[in-house]
Amino acid sequence: MQPRNMSMSGVVDLAAVKAAQEAKAKAEQARAEAARHGGGTGAVSPADLVIDVDEASFERDVLQRSTEVPVVIDFWAEWCEPCKQLSPVLERLAVEYDGRFLLAKIDVDANQMLMQQFGIQGIPAVFAVVAGQALPLFQGAAGEAQIRQTLDQLVQVAEERFGLTGLTVDPDAEPGGAPAGAEAVPAGPYDALLEAAVRALDSGDLGGAIQAYKNVLSDDPGNPEAKLGLAQAELLQRVQGLDPQQARKEAAEKPADVQAQIAAADLDLVGGHVEDAFGRLIETVRRTAGDDRDTVRLRLLELFEVVGADDPRVATARRALARALF
């Protein structure tokens, strides 16, 4: 039995959502398998939290990585005495913060173009890149207390505004590879609950599916299959009572109405128009402020969960969101 209004034109049915969920789970499994063989992006070692970056690797190691973790950039040079005081502090804090940020070190003598692009007049200079957006942190010598305060604010902004929770750090992992001695991971203890959620989706019981996914997440908040399934089920529950024509009419007539734009974005996403959904909410973020802006931002982060962090459209939208917010 299909839930009410789920057969409307342009809306995916529950079977499609189930297929997307299963595809996501298979992708997660494939990445885990690749990581066990040294080819994935699983847990990193503490040594991987501090990297040297140059002009050739900047896009890959800074811009692309900034869509999954805040990247702090330390611009330094061998002749710079204050740099020799600051850099060890940043390196130690990168390990202490346990993956909540990645430290990228750039030698300005060897990378003059990057120095010019960031408009740096003197070193040491420290910037952050979050979701592709560069943010100045501080220039010159700084005390550890000030540095910690700045990093705490950066981590908070990255998580609350962009949903970036950082990297998983395994102290036993080999630098640049998979955890040493890693073996095949057995099936998790939540198979029965996840299967119950899928059965609930098949039967049109969105409330039951949502509760099943929440039961998993109450014990395992980071479970990727449950997070994806919950986001999808909640999206379907939100749109099942909507009149698509009326919702789109209200969104067109009331561009400043936050709830109207959110409803239309939900319909866009369920209909497969991913870029339209993201673009609508990013534009609404630009037009709003305060609680309204935060409401829209949070819904956009929920839609990112539905599509999946590995989708390139999500990375692009995160960068656009950063530009809209800053």
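Helices (H or I, at least four residues) and strands (E, at least two) are taken here as DSSP runs, numbered from the N terminus. On that basis, the protein chain of this predicted model contains 13 helices and five strands.

Two antiparallel pairings share strand β4, as tabulated below.

| Strand pair | Sense | Bridges | A bridge partner pair |
|---|---|---|---|
| β4 (residues 125-130) and β5 (residues 133-139) | antiparallel | six bridges | F127 and P136 |
| β2 (residues 71-76) and β4 | antiparallel | five bridges | V71 and V129 |

Strands β4 and β5 form a hairpin with two residues between them, where A131 adopts a positive phi near 50 degrees.

Of the 326 residues in the protein chain, 45% are buried. The largest nonpolar core comprises 68 residues, with Y213 and F278 having the most contacts inside it. A second, separate core has 28 residues, among them F75, V108, M115 and F118.

Among contacts in the protein chain with a separation of 6 or more, 71% involve residues 24 or more positions apart. The chain exposes about 16,000 Å², of which carbon and sulfur atoms supply 49%.

Definitions and conventions:
Residues numbered from 1 in each chain as written. Predicted model: local features only at pLDDT ≥ 70, side-chain atom pairs only at ≥ 80, totals over all residues. Heavy atoms only, no water. Core = buried A, V, L, I, M, F, W, Y, C linked by side-chain atoms within 4.5 Å. Buried < 20%, exposed > 50% of the residue type's maximum accessible area, 1.4 Å probe, protein only. Contact = heavy atoms within 4.5 Å. Areas by Shrake-Rupley, 256 points an atom, 1.4 Å probe, with all protein chains shown as cover. Pairing = 2+ DSSP bridges.
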